[in-house]
Amino acid sequence: MKVGILTSGGDAPGINATIRGVGKTAINNYGMQVIGIQNGFSGLLYKDVVELTDKSLSGILNLGGTILGTAREKVFRKMINSPDEKDREQIKNAYHELGLDCLVCIGGNGTQRTTSMLSDIHLHVIGIPKTIDNDVYGTDITFGFDTAVNIATDAIDRLHSTASSHRRVMVIELMGHHAGWITLYAGMAGGADIILLPELGYNMKVVIEKIRKRMELGKAYSIVAVAEGVEVPTKEKPAIYFAREIQEQTGFETRETVLGYIQRGGSPSPYDRNLGTLLGGHAAELIHQGIFGRMVAKLGSEISDVALSDVAGKLRLVTPDTDLVLQGKRMGISFGVL
Ligand code: F6P
């Protein structure tokens, strides 16, 4: 059997561990041929491929990013949805001309939606969920998330020492697109005093009051963790908006940090390496069994798989009864809401 692997959407630590997991299992356990499709779905159309061997898959486990390159796939998705059947034929022809028996698509919820569309036009596909945002519906966790939380928590830890030295309010903005998972997990692990999530919204009066109260209690600094997806009334990035408003409304010196792409960079954590390895291996197992149209997933303590048609493109978001939200509230951490 000949398997193609592509990576699509934002990069994340652990992608290369996943490629290695699929490839080495397919090659060493099942004698399959494996090719890497470069730069996302467009690589399928342009047949931009590279042979993957046991040797070429060695030494990549600890590498960040993706050895295959990636891209956003909006153009490709338009082709699949195109009213012109010729566009879909072009995709199917590219797949068959490459002699593929299955295409493994490593990506976030957008990629999984595209992968499901390929399944709908009868191509053999398997999706592997990937994103630092941890917002892919159908799996309890995505690789990339643990590494991003480690990076963001380290950043918050570092803010405590400078904030306390200057008796300042520090506002840090973390990634997550429309989801607040990174901000929730790193905010709680890093001891933030205020955690603002897109799913919960906020009341500025509550934020200001919390900071004032802390100062009255002699807590000479505060740490505010805000997710990039929190909506603010100006065109400013949330961290900049909140830092300005807090300083204006409290008179306390306030500074902002936008952690940005640092959260996606560098070597994956051991957890993400092993999660990617397990998910990749499960994908190869499904292919060996001739099972397609599935997205591999971590469900509880199990590595499993779900129907792409049931999950593709749906978001998994923080809810008010998420355990860390409930525990944070019990401890007096503010989520910016009453
Ligand atoms: O999906 C991962 C992510 O890093 C989001 O957290 C962020 O909003 C987005 O990608 C940034 O997209 P791009 O890499 O295209 O700028």
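**The ligand and its surroundings**

A polar side-chain atom of Glu228 lies 2.6 Å from an oxygen atom of the ligand, a polar contact in the sense of a pair of N or O atoms within 3.5 Å. Arg264 brings a polar side-chain atom to 2.8 Å from a ligand oxygen atom, and for Arg72 the corresponding distance is 2.9 Å. Taken alone, the ligand exposes 400 Å², of which the protein buries 73%, with accessible areas computed by the Shrake-Rupley method with a 1.4 Å probe.

The model is a predicted one, in which local features need pLDDT of at least 70 and side-chain atom pairs count only at pLDDT 80 or more, while totals for chains, interfaces and linings use all residues. Residues are numbered from 1 along each chain as its sequence is written, and side-chain values use heavy atoms, with hydrogens and water left out.

The residues around the ligand, those with a heavy atom within 4 Å of it, are Arg72, Thr131, Ile132, Asp133, Met175, Gly176, His177, Glu228, Tyr261 and Arg264.

The C-alpha centres of domain 1 and domain 2 lie 35 Å apart, and their contact, meaning heavy atoms within 4.5 Å, takes 13 residues from domain 1 and twelve residues from domain 2.

Notes: A polar contact is a pair of N or O atoms within 3.5 Å; within protein, one must be able to donate a hydrogen and the other to accept it, and residues adjacent in sequence count only if both atoms are side-chain atoms. Domain bounds come from an automatic or database domain assignment.
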